[in-house]
2 protein chains.
Amino acid sequence: MNERITLAEGAGGSAGEALMKDVIFPYIGNDILAEMHDGARLKVSGDIAFTTDSYVVSPRFFPGGSIGTLAVSGTVNDLAMTGAKARFLSAAVILEEGFPVEELKNILADMQKAAKYAGVLFVTGDTKVAPKGKVDGVFINTAGIGDIIEGADISPKNVKLGMKIIVSGSMGDHGATILAARHNMKSNLKSDAAPLNKMVEKMFAVTKNIAVLRDPTRGGLAATLNEIAKAANVGIIIDEEKIPIKEEVKGLSDMLGFDPLTLANEGKLVAFVPQEEADAALAAIKADERGRDAAVIGETTDKAVGKVGMRTPLGSIRVVEMPRGIIVPRIC
Amino acid sequence: MNERITLAEGAGGSAGEALMKDVIFPYIGNDILAEMHDGARLKVSGDIAFTTDSYVVSPRFFPGGSIGTLAVSGTVNDLAMTGAKARFLSAAVILEEGFPVEELKNILADMQKAAKYAGVLFVTGDTKVAPKGKVDGVFINTAGIGDIIEGADISPKNVKLGMKIIVSGSMGDHGATILAARHNMKSNLKSDAAPLNKMVEKMFAVTKNIAVLRDPTRGGLAATLNEIAKAANVGIIIDEEKIPIKEEVKGLSDMLGFDPLTLANEGKLVAFVPQEEADAALAAIKADERGRDAAVIGETTDKAVGKVGMRTPLGSIRVVEMPRGIIVPRIC
């Protein structure tokens, strides 16, 4: 194996075979992937979730993870948010000619670490190489399949008035970390990128009545709550004081002119649950190592249907708008 | 909607929502995609195939199709080659800032045309935008899920000595078409890019004893047969005179110094079937509009195990090597 990727590795000949066997397989390999068919043959429950995401984050490595961490966490989380037990992932990597093989190995190691934590297998994949300058380093797509958890019925149509809104931890950590890295700012911030499927399984163990589960990624909590308010045709009211946000995220957001509620999270969820089950759901989240700072932040209401309002510490209510414009490009 | 993609469409706010609703949905939308969850919830047989491919072809439009045609055909074909009835696709699009929306619409139209022909639905998707110069126009990933066809058991381990090798039509058309386009050569060549799932379903209707099905894409027939010879631990012998190759593909290959057996196909398959079922399988392929020129081109043998030999018209045998090196970059 060369030290850098060449076009040959993407051409479907012996070099591509060697990349697979010598570089990719030692990290994310298993018996199913080893068959190297055009596709993997799998046994599933028959009632499944299917999702896909491409990852183009810049920088590729950041405090708390890398594009590899995101590529697993993001897709596992999308499955979990559909009410599914994540099981199988695909990995499709587009590499730039000249990309260092060592860096690819580091990314693959992060992918495998997150996959192991989530308990999912890579079962099928693809590698393409684009000539120098035609892709920025590496882009990764992962698609995922999960078995729907028995009794799960996640849908905005199940949202009722008076439901409680829970977030599983502090908002904006990933977005703020990427911003700090891009601006070469010193900080103790760390991305929250992590698979949440175990947390979601804990939640379903205590209640099936979860109407909405969402991971507030691009566009942050602001985008997620606005989408749900619209789709569920309810008003949403949250309490500013109850939303966990780290002081350092607040400070960095102020300095750079961002609203932390619009910053991406990659290891947090938002849940809508009936009032009488909110305590149990919150306890289930807090029982997970990633959910220690979870909090009930608000509820659904019949006022200002389709909109999101936030009670400020002074008692006034400000509208939380759907983010517009660029926010932060290449955040995931 | 602007005439060109901006970074805002990739940021998870209102612009991304508009891109989805105004541009993407009118082409590839359906009731499942309309739910716009983090993932799609699907009913499948429980015994499924799962595959992924990224498409980075250059040029994006070529005689016979586009990156959109490939993005559907390639993934549907990978499912078919696993012995599955293709059902659901994901679509993850990475766009370059400034990409013309009109061109995206043309690509989406080709995706929908191929998906309709194949009878598959797009059920989940993702859109990212990379800044100008960070991705070359548009890259598309599609992953796919299919139900395994009852009785299908595609695996090199099922290859026996004396099995017949069938190709479903002329070799090298896609690769030669892309080469002609890149070299600005006038030609009547057309890419063969097309979904083959209907052809495969016709084959399984006449025999379940198909040991291998492969679409000879990158690396062409030469790579595919070498991989199978190695995986199945048999020798493969093919007849040069029996391999359908268009005169124009031969001429262009000669001129540019390529072996047509190493050129990619995007709408052809190779099948390994027992001798006594070869006629029935061949007839099933020929009954499909894409299989008119199908031919039996060789058989498996116990000589030169792991290698591929080709009988020339003069009676000698030349070794068909696994392609090495770059061949043709960004062919799919």
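Two strands pair if DSSP finds at least two bridges between them. Helices (H or I, at least four residues) and strands (E, at least two) are DSSP runs, numbered from the N terminus.

The views show a predicted model, in which local features need pLDDT of at least 70, side-chain atom pairs count only at pLDDT 80 or more, and totals for chains, interfaces and linings use all residues. Residues are numbered from 1 along each chain as its sequence is written, while chains are lettered from A and ligands numbered from 1 in the order in which they are written.

**View 1. Chain A as a whole has 9 helices and 14 strands.** Its radius of gyration (taken over C-alpha atoms) is 21 Å, close to the 20 Å of the globule rule (2.2 Å times the number of residues to the power 0.38), so chain A is as compact as a globular protein of 332 residues. The C-alpha trace of chain A spans about 65 × 45 × 30 Å along its principal axes. Of its 332 residues, 58% count as buried, that is, 20 or more other C-beta atoms lie within 10 Å of their own, with C-beta atoms placed from the backbone.

**View 2. Chain A meets chain B through 64 residues on each chain.** Contact requires C-beta atoms, placed from the backbone, to lie within 7 Å. On the side of chain A that touches chain B, β1 (40-43), β2 (47-55), α3 (67-81), β5 (84-96), β6 (121-130) and β7 (138-148) each supply at least two residues. The largest share, 8 residues, comes from β2(A). This side of chain A has 30 nonpolar, 19 polar and 15 charged residues. Here Ala, Val, Leu, Ile, Met, Phe, Trp, Tyr, Cys and Pro count as nonpolar, Asp, Glu, Lys and Arg as charged, and the others, Gly among them, as polar.

**View 3. A strand of chain A pairs with a strand of chain B.** β2(A) and β1(B), residues 40-43, run antiparallel and are joined by 4 bridges. Within this pairing, A:I48 has B:L42 as its bridge partner.

**View 4. Strand β10 of chain B (residues 235-239) pairs with β12(B) and with β13(B).** The pairing with β12(B), residues 295-301, is antiparallel over 4 bridges, and there B:I238 stands opposite B:G298. The strand β13(B), residues 308-311, runs parallel to β10(B), again with 4 bridges. In β13(B), B:M310 is the bridge partner of B:I238, and B:G309 stands opposite B:I237.

**View 5. Strand β13 of chain B has a covered and an uncovered face.** B:V308 and B:M310 form the covered face, B:G309 and B:R311 the uncovered one. In a regular strand the side chains alternate between the two faces of the sheet. β13(B) is joined by 3 bridges to β14(B), residues 317-319, and the two run antiparallel. The bridge partner of B:M310 in β14(B) is B:R318. The hairpin of these strands has 5 residues between them, and in it B:G315 takes a positive phi near 95°.

**View 6. Helix α8 of chain B (residues 247-256) has buried residues and, on its other side, exposed ones.** B:V249, B:L252 and B:S253 are buried. They lie on the same side of α8(B) because they cover an arc of only 100° around the axis, counted from the directions from the helix axis to the C-beta atoms. What covers the buried residues of α8(B) includes α5(B), residues 173-182. On the other side of α8(B), B:E247, B:D254 and B:M255 are exposed, meaning 12 or fewer such neighbours. After α8(B) comes B:G257, with a positive phi near 80°.

Note on methods. Contact = placed C-beta atoms within 7 Å.
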